[in-house]
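Open the structure in your viewer and keep the selection tool ready. Follow the stops in order.

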Amino acid sequence: MTPKIVVVGSCMIDFTCFSPRLPKRGETLIGTKFETKYGGKGGNQCVASAKLGGSTALIASLGYDTFAQKYLEILKEEKVNTSHVKIQNDKHSGTAHITVTEDGENSIVIVLGANESLTPKHVESAVDVIKSASVLLCQFEIPLESVRCALELHHGHGLSIVNGAPALENPDPKILQLCDIFCINETEAEVMTGIQPVELSNIQHVADKLLDKGCNAIIITLGPLGAVYASKTNRNVIRISTDKVQPVDTTGAGDAFLGALAYFKAYHPQLSIDEYIRRSCIIATRSVLKYGTHASFSTKSDLPADLFQ
């Protein structure tokens, strides 16, 4: 089966500790729990789409360690096509060091490791898979020249989404121009626009600055406030709200949103952009009610049937 959703992105090993709060500078806290999980924005978004029933492929790099073999097993269990996930014999897998607080917030430090070896040559080796995809999804946890390469290969063959995370003040403008939808959260929007804080009262100004940078269309996710959308053809910001819940772990919520967005774009192309975002917000909101990343992502059977009509 030819994958309809192709993700070119990162894989990370998540080392997560749970703490009453985030430590202050120079402070040591005693945590309550430690877990090793498997994440990274690329892997997460791919698994989120696959768990909804999407036919997916991941183009990524893992390291020489035992974590990489376990990650490959997990991806295969989720029926992700891993034929273009390469093992780098000279680098460790990418790692994410995550602290989750009692109120569900998180702080993350990543070390790219093998993700730095996801080169344009690696991307070009998957040209047939990329060109045949209905949706291409990329992020900024791999070299930007590889993101650009993937977008150039896919251009004219389907829809492309770029998640501008981790935040960069001035990413390659060609990436912004090539992708159909550029998606970031409010913190990333602050870095890219210099507007602080990003909030509903100034969100139109934020959207205008992003569109002025060359974006064709933007989605800014706003956590419990839902998300906003604007485009070159309609610069007026449209807000889609979501249900407010008490989160236990917000890690991976953005990835749940993007994986869902890619799924709905691939399998329900007749929907309006408002409806794409509304449905993706519902799935992201559900993810914060569970711990972890992959474990928090909903399967199709977990969700109301009307989401898939």
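Buried means under 20% relative accessible area, exposed over 50%, and partly exposed in between, using a 1.4 Å probe and protein chains only. Helices (H or I, at least four residues) and strands (E, at least two) are DSSP runs, numbered from the N terminus. This is a predicted model, in which local features need pLDDT of at least 70, side-chain atom pairs count only at pLDDT 80 or more, and totals for chains, interfaces and linings use all residues. Residues are numbered from 1 along each chain as its sequence is written, and side-chain values use heavy atoms, with hydrogens and water left out.

**Stop 1: helix 1**

Select residues 41-51, which are helix 1. How many of its 11 residues are buried? The count is 10, so helix 1 is mostly covered. Colour the buried ones: Gly 42, Gly 43, Asn 44, Gln 45, Cys 46, Val 47, Ala 48, Ser 49, Ala 50 and Lys 51. Now step just past the helix to Gly 53, which takes a positive phi of about 110°.

**Stop 2**

Show the strands in the order 5-4-1-8-9-10-11-12-13. They form an open sheet with mixed pairing. Two strands pair if DSSP finds at least two bridges between them. Which strands sit at the edges? They are strand 5 (81-87) and strand 13, and each pairs on one side only. From one strand to the next, the twist averages 20°.

Zoom in on strand 4 (residues 56-62) beside strand 5. The two pair in the parallel sense over 5 bridges. Click Ile 59: His 84 in strand 5 stands opposite. Bring helix 1 back, because contact (heavy atoms within 4.5 Å) is the next thing to look for. Helix 1 packs on this sheet and touches strand 1 (5-8), strand 4, strand 8 (135-139) and strand 9 (159-163). Its direction makes about 160° with that of strand 4. Axes here are lines fitted to C-alpha atoms, for helices over the stretch in contact, and angles run from 0 to 180 degrees between N-to-C directions.

**Stop 3**

Select Leu 137, which lies in strand 8. Is Leu 137 buried or exposed? Its relative accessibility is 0%, so Leu 137 counts as buried. Leave aside its neighbours within four places in sequence, and Leu 137 is in contact with Val 6, Val 7, Val 8, Gln 45, Ile 161, Leu 258 and Ala 262. Then draw a line from Leu 137 to His 84: they are 53 residues apart in sequence and 15 Å apart in space, C-alpha to C-alpha.

**Stop 4: helix 1 meets helix 9**

Helix 1 and helix 9 pack at an angle of about 50°, and their axes are 7 Å apart. The two helices are therefore oblique to each other. Angles under 35 degrees count as roughly parallel, over 145 as roughly antiparallel, 65 to 115 as roughly perpendicular and the rest as oblique. On the helix 1 side, the contact is made by Lys 41, Asn 44, Gln 45, Ala 48 and Ser 49. On the helix 9 side, look for Asp 255, Ala 256, Leu 258, Gly 259, Ala 262 and Tyr 263.

**Stop 5: helix 10**

Move to residues 273-287, helix 10. The expected span of a helix is 1.5 Å times one less than its number of residues. For the 15 residues of helix 10 that gives 21 Å, and its end C-alpha atoms are 21 Å apart, which agrees. Of those 15 residues, 11 are buried, so helix 10 is largely enclosed by the rest of the structure.

**Stop 6**

Finish with the order 3-2-6-7, an open sheet with mixed pairing. Its edge strands are strand 3 and strand 7 (106-111). Select strand 2 (residues 12-19), where 7 of 8 residues are buried. Strand 2 runs antiparallel to strand 3 (residues 33-39), joined by 7 bridges. Met 12 has Gly 39 in strand 3 as its bridge partner. Strand 2 runs parallel to strand 6 (residues 94-101), joined by 8 bridges. Phe 15 stands opposite His 97 in strand 6.
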